[in-house]
Every structure is written in C-alpha cells, then in structure tokens.
Amino acid sequence: MHPPPPAAASAMDFSQNSLFGYMEDLQELTIIERPVRRSLKTPEEIERLTVDEDLSDIERAVYLLSAGQDIQGTSVIANLPYLMRQNPAETLRRVLPKVRVHEDTHLFTQRVWISMFVQKV
C-alpha cells in the first residue's frame, strides 16, 4: 500500500504563468560565450614545473631547491623527514645546504619587503 501523494503535488500550477510557463523568457536570454580554459596552467608553466621522472628523490630535491619554484622548494623542506629516513648521508651532504640557501633567500626577500614597507609609512 502506497501513501497518498502530498497535497502540494496535486496543487502544482503548470499554467502559462507558473514557473514552468516562462519558456519564451528563457529563450530570450542570451548566453555569454567565452573561451573556457581547460587547464589552470599554460603549457609554458607546465614545462617550467615539470621535473625529470628519472631523477632520484635526492637529485629531485636538489634540483627543486636550486631551480624550482618557491612552492616546490617548500615541498622539499616539508619532505625532509622522508629524505632523512631514505638516505640520511646524502640528505645532509647535498640537500640540507640547499635548504639553508632557500631559507636565506626567503629571509632576505622578507627583510627587503619589510624595509620597503617601513620606508613608505
């Protein structure tokens, strides 16, 4: 046995003046067409962010800290515990010095921006 249909369902208005009756108005709407960007990055940006898959984790970390984007360097720093467990000697010898340079660059940039801001105020 099925429950009876709700009272509101039987009272729905499908006349020309109802919500469903405004087909003419909907057809008059113009859709603004604009190009849809399929990717958030341009091919040049993707090429710049691409790293050789054949590099070891240590080689990749050194490369990203030397020539990668800031966010890539930050990712390497976040993954230092993994690199230390995987290969502590190489991490200390090759990666850690690059981390220091990466951090020094950030600190220098931060100081420059702060000094520029303080001079304007």
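I take a polar contact to be a pair of N or O atoms within 3.5 Å; within protein, one must be able to donate a hydrogen and the other to accept it, and residues adjacent in sequence count only if both atoms are side-chain atoms.

**Entry 1: ground rules.** I am working on a predicted model, where local features need pLDDT of at least 70, side-chain atom pairs count only at pLDDT 80 or more, and totals for chains, interfaces and linings use all residues. Residues are numbered from 1 along each chain as its sequence is written, and side-chain values use heavy atoms, with hydrogens and water left out.

**Entry 2: the fold.** I looked up the elements and found seven helices and zero strands in the protein chain. Helices (H or I, at least four residues) and strands (E, at least two) are DSSP runs, numbered from the N terminus. Of the 121 residues, 14% count as buried; buried means under 20% relative accessible area, exposed over 50%, and partly exposed in between (1.4 Å probe, protein chains only).

**Entry 3: Thr 91.** Which backbone oxygens lie by the polar side-chain atom of Thr 91? I found the oxygen of Leu 83 at 3.0 Å and that of Asn 87 at 2.8 Å. Thr 91 is in helix 7 (residues 88-120), and it is buried, with a relative accessible area of 1%. Beyond its neighbours within four places in sequence, Thr 91 is in contact (heavy atoms within 4.5 Å) with Ile 58, Leu 80, Leu 83, Met 84 and Leu 96.

**Entry 4: Leu 83 and the core.** Again setting aside neighbours within four places, I see Leu 83 in contact with Asp 57, Ile 58, Ala 61, Val 76, Pro 88, Thr 91 and Val 95. Leu 83 also belongs to the largest nonpolar core, which has 11 residues, among them Val 51, Val 76, Leu 80 and Val 99. Such a core is a set of buried Ala, Val, Leu, Ile, Met, Phe, Trp, Tyr and Cys residues joined through side-chain atoms within 4.5 Å. Helix 4 (57-67), helix 6 (80-86) and helix 7 each give two or more residues to this core, and helix 4 gives the most, with five.

**Entry 5: sides of helices.** In helix 4, I find Ile 58, Ala 61, Val 62, Leu 64 and Leu 65 buried. They lie on the same side of helix 4 because they cover an arc of only 165° around the axis; the arc is that of the directions from the helix axis to the C-beta atoms. In helix 5 (residues 70-78), the buried residues include Gln 72, Gly 73 and Val 76. Their arc is only 100°, so they too share one side of helix 5. On the other side of helix 5, Ile 71 and Ala 78 are exposed.

**Entry 6: charges.** How many salt bridges does a search of the whole structure find? It finds three, each a side-chain nitrogen of Lys or Arg within 4 Å of a carboxyl oxygen of Asp or Glu. Asp 57 and Arg 60 meet at 3.1 Å, N to O; they are three residues apart in helix 4, about one helical turn. Arg 93 pairs with Glu 90 at 3.2 Å, and Glu 90 also meets Arg 94 at 3.7 Å.

**Entry 7: Glu 45.** Finally, I checked Glu 45 in helix 3 (residues 43-49). Its side chain reaches the backbone nitrogen of Thr 42 at 2.7 Å.
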